[in-house]
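Me: Could you walk me through this fold? I'd like to go piece by piece.

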Amino acid sequence: RWILIKELQEKKQSGSSKHERKMADFLLKHLGDGNESPKLFPSSLLDNTKDYQVKKRLGNGSQYKEITWLGESFALRHFFGDIDALLPQITPLLSLSHPNIVYYLCGFTDEEKKECFLVMELMRKTLGMHIKEVCGPRKKNTLSLPVAVDLMLQIALGMEYLHSKRIYHGE
């Protein structure tokens, strides 16, 4: 959330268009100080900005997309279905903050189309891709025990945090 607030403040102060400054003002006003429950904004705020652009689909399905928004690259997660049923699943994600999990920056909803969007930190590669790059079949390196233990501890810390928030990873 603080990353988004920082980006919005910079957007508001830079030589942005009138529409971008107005959108930044609106979002900053509604983000608050972070102590209240996270809110989902109308998706028209995201769709109507000239700075929002879908770059590509991520993974096999179309649920995740790489986007450019406010001059930065993010991942966008797309949910379909009854908004009232989705809100209890989506809003807790917006308040998560831990160095070992992906950050969800903000969310948007369109009740007419029955869809929600979550803007989140973009991860350029998976842990599996990173390990293959570092110690793939053509590399002479192997994953050392201290590095493997460090990776496992980071995963465990992220999972412990999620479990403390009553969020359970399904994969």
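Predicted model: local features only at pLDDT ≥ 70, side-chain atom pairs only at ≥ 80, totals over all residues.

Me: How many bridges join β2 to β3?

Reply: β2 covers residues 53-58 and runs antiparallel to β3. Across that pair, Arg57 sits opposite Lys65 of β3. DSSP has to find at least two bridges for a pair, and the number joining β2 to β3 is 5.

Me: And which residue in the hairpin of β3 and β4 takes a positive phi?

Reply: β3 and β4 are antiparallel as well, with 6 bridges joining them. Trp69 stands opposite Glu72 in β4, and the hairpin has 2 residues between the strands. The residue with the positive phi, near 55°, is Leu70.

Me: Is β3 mostly covered or mostly open, and how many of its residues are buried?

Reply: Buried here means under 20% relative accessible area. By that cut-off β3 is mostly covered. Of its 6 residues, the buried ones number 5.

Me: Which element gives the largest share of the largest nonpolar core?

Reply: That core has 21 residues, and Trp69, Phe108 and Val119 have the most contacts inside it. At least two residues each come from α1 (2-13), α2 (18-31), α3 (44-47), β3 (64-69), β4 (72-80), β5 (104-110) and β6 (115-120). The largest share is 4 residues, and it comes from α2.

Me: Now α4: why do its buried residues line one face of the helix?

Reply: α4 spans residues 83-94, and its 12 residues reach 16 Å from first C-alpha to last, close to the 16 Å expected at 1.5 Å a residue. Its buried residues are Ile83, Leu86, Ile90, Leu93 and Leu94. Seen down the axis of α4, they line one face because they fall within an arc of 90°.

Me: Which residues are exposed on the other side of α4, and which strands do its buried residues pack against?

Reply: Exposed means over 50% relative accessible area. On the other side of α4, that applies to Asp84, Pro88 and Gln89. As for the buried residues of α4, they pack against β1 (40-42), β4, β5 and β6.

Note on methods:
Residues numbered from 1 in each chain as written. Heavy atoms only, no water. Core = buried A, V, L, I, M, F, W, Y, C linked by side-chain atoms within 4.5 Å. Buried < 20%, exposed > 50% of the residue type's maximum accessible area, 1.4 Å probe, protein only. Expected span 1.5 Å × (residues − 1). Arc of directions from axis to C-beta. Contact = heavy atoms within 4.5 Å.
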